[in-house]
Amino acid sequence: MREALAEARAAAAIGEVPVGAVVVVDDRVVGRGHNLTRLWRDATAHAEMLAMRQAMAAMGAERLAGCDLYCTLEPCAMCAGAMVLARVDTLVFGARDPKAGAAGSVHDLVRSPWLNHRIKVVAGVLAEPSGELLSAFFAQLRAGS
């Protein structure tokens, strides 16, 4: 999760919403990403999506079975759906997202009985520093700096 936090800080440093993610297999990071939606002008350039794409490319696979995804913020519906499709084993996230979280807060796509794969979820890991990054970012936006 500390690697995901480093990615979130990298996002903040370039003016992106500070969310970071890493994909791990056998205690080895195989994919990493941070939000790039503003820079790339791409609504799908979320940290989780970029980390999963990089991991699949590194592994030469279209699925992430046997992999765990660590993210600083509870995934949105798009990212949660992609995790299910990619067959991620475990999702570990920091801060909950009470407005758009799709891993238990608003929706629970990653454990939906209607989908063909369910992901183990570990919530709240390093939630405080993850949430503080987000709070500071949005406070700065509201202040106009």
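Trainee: Is Asp-27 buried or exposed?
Mentor: Asp-27 is exposed, at 82% relative accessible area. Exposed means over 50%, buried under 20%, and partly exposed in between, with a 1.4 Å probe and protein chains only. Bear in mind that this is a predicted model, where local features need pLDDT of at least 70, side-chain atom pairs count only at pLDDT 80 or more, and totals for chains, interfaces and linings use all residues. Residues are numbered from 1 along each chain as its sequence is written, and side-chain values use heavy atoms, with hydrogens and water left out.
Trainee: Where is Asp-27 found?
Mentor: In the loop between E1 and E2. Strands here are DSSP runs of E with at least two residues, and helices are runs of H or I with at least four, numbered from the N terminus.
Trainee: OK, what about phi of Asp-26?
Mentor: Also positive, near 50 degrees. Asp-26 sits in the loop between strand E1 (20–25) and strand E2 (28–34), and Asp-26 counts as exposed at 69% relative accessibility.
Trainee: Switching topic: where is Gly-104?
Mentor: Gly-104 lies in the loop between strand E4 (90–95) and strand E5 (120–123). With 36% relative accessibility, Gly-104 is partly exposed.
Trainee: Which residues does Gly-104 touch?
Mentor: Leaving out residues up to four places away in sequence, Gly-104 touches Glu-74, Arg-96 and Arg-111. Contact means heavy atoms within 4.5 Å.
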